[in-house]
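Subject: Handover of a structure and its description

Dear colleague,

Please find the sequence and the structure below.

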Amino acid sequence: MSAEHVCLRCGACCAYYRVSFYWAEADPAVEGTVPIALTEKLNDLRRVMAGTNGKSPRCVALEGQIGSCVHCTIYAERPSPCQEFRVAWEDGLPSPECDKARLAWGLPVLQPFAMLPPEQIIEYRLAQVDPIANLTVRRSQPDDVTAGQEIEAPEQPPAKEADAGESTTYT
Ligand code: SF4
Ligand code: SF4
């Protein structure tokens, strides 16, 4: 993940969903990689990342401030739900799960251009306001999308924290 990656300015999903996975992922005897000390038993088959199985979930492995600057302290060893979680538009597709977590934290959902490198974002945004450039873009990119809000860090914590019991589980 590059230093500019949008997830390093977000972290909402790590503080919204319950992160549960098959127990063996945290068992080094069977080549599990997740540090077991950072997990809790959920049932006979599954464990959860500690901190994510409550009314105000926040994974214990997450450091930093949501919506500002965060990182996963076990990124290389994180469980499969985290590896498989899709950030919106990174692969050209929306991610309702990403959108839901961001909205719960007062962050705008990501727009398709969010994954472009900074210089391309500027070109993209200019094309939205320059009618001549816009025509050029539209000739070459007939399926271009409408620009929306930029990503901003929330000034206030979310008005309502997510209830992990109601939210989608990472399973
Ligand atoms: S909610 Fe989306 S943008 Fe935020 S950290 Fe998760 S995947 Fe990344
Ligand atoms: S293990 Fe890392 S990526 Fe997964 S929820 Fe925790 S902080 Fe987020």
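Phe21 stands opposite Arg47 in S3. Please note that this is a predicted model, in which local features need pLDDT of at least 70 and side-chain atom pairs count only at pLDDT 80 or more, while totals for chains, interfaces and linings use all residues. Residues are numbered from 1 along each chain as its sequence is written, and chains are lettered from A and ligands numbered from 1 in the order in which they are written.

The names of elements follow one rule: helices (H or I, at least four residues) and strands (E, at least two) are DSSP runs, numbered from the N terminus. Two strands are said to pair if DSSP finds at least two bridges between them.

Strand S1 (residues 20-22) pairs with S3 in the antiparallel sense, over three bridges. Besides the pair already mentioned, Tyr22 faces Arg46 in S3. Strand S2 (residues 39-41) is also joined to S3 by three bridges, and these two strands run antiparallel. Here Glu40 has Val48 in S3 as its bridge partner. Four residues lie between S2 and S3, which form a hairpin.

Together, the three strands make an open sheet with the order S1-S3-S2 and antiparallel pairing. S1 and S2 are the edge strands, as each pairs on one side only. From one strand to the next, the twist averages 35 degrees; for such angles, axes are lines fitted to C-alpha atoms (for helices over the stretch in contact), and angles run from 0 to 180 degrees between N-to-C directions.

Strand S4 (residues 62-65) and strand S5 (residues 69-72) are paired antiparallel over four bridges. Leu62 has Cys72 in S5 as its bridge partner. S4 and S5 form a hairpin with three residues between them, and Gly67 in the turn has a positive phi of about 80 degrees.

The protein chain has four helices and five strands in total. Read from the N terminus, the elements follow the order β-β-β-β-β-α-α-α-α.

**Burial and the nonpolar core**

A residue is buried if 20 or more other C-beta atoms lie within 10 Å of its own, exposed if 12 or fewer, and partly exposed in between, with C-beta atoms placed from the backbone. Of the 171 residues in the protein chain, 25% are buried.

A nonpolar core is a set of buried Ala, Val, Leu, Ile, Met, Phe, Trp, Tyr and Cys residues joined through C-beta atoms within 7 Å. The largest one has 23 residues, and those with the most contacts inside it are Ala12, Cys13, Ala15, Tyr16, Cys59 and Ala101. Strand S3 (46-49) and helix H2 (96-104) are the elements that give two or more residues to this core. H2 gives the most, with three residues.

Two residues are in contact if their C-beta atoms, placed from the backbone, lie within 7 Å. Leaving aside its neighbours within four places in sequence, Cys13 touches Phe85, Glu97, Cys98 and Ala101 by this criterion.

**The two ligands**

A residue counts as near a molecule if its C-beta atom, placed from the backbone, lies within 6 Å of it. Around ligand 1 are Val6, Cys7, Cys10, Gly11, Ala12, Cys13, Phe85, Val87, Cys98, Ala101 and Arg102. By class, this shell has nine nonpolar, one polar and one charged residues. In this classification, Ala, Val, Leu, Ile, Met, Phe, Trp, Tyr, Cys and Pro are nonpolar, Asp, Glu, Lys and Arg are charged, and the others, Gly among them, are polar.

The shell around ligand 2 consists of Cys14, Val19, Met49, Cys59, Ala61, Leu62, Cys72, Ile74, Arg78 and Cys82. These divide into nine nonpolar, no polar and one charged.

**Two loop residues with positive phi**

Glu31 lies in the loop between S1 and S2. Although Glu31 is not a glycine, its phi is positive, at about 65 degrees. Glu31 is exposed, because 8 other C-beta atoms lie within 10 Å.

Trp89 lies in the loop between helix H1 (80-84) and H2. Trp89 is not a glycine either, and has a positive phi of about 75 degrees. Trp89 is buried, because 20 other C-beta atoms lie within 10 Å.

With kind regards
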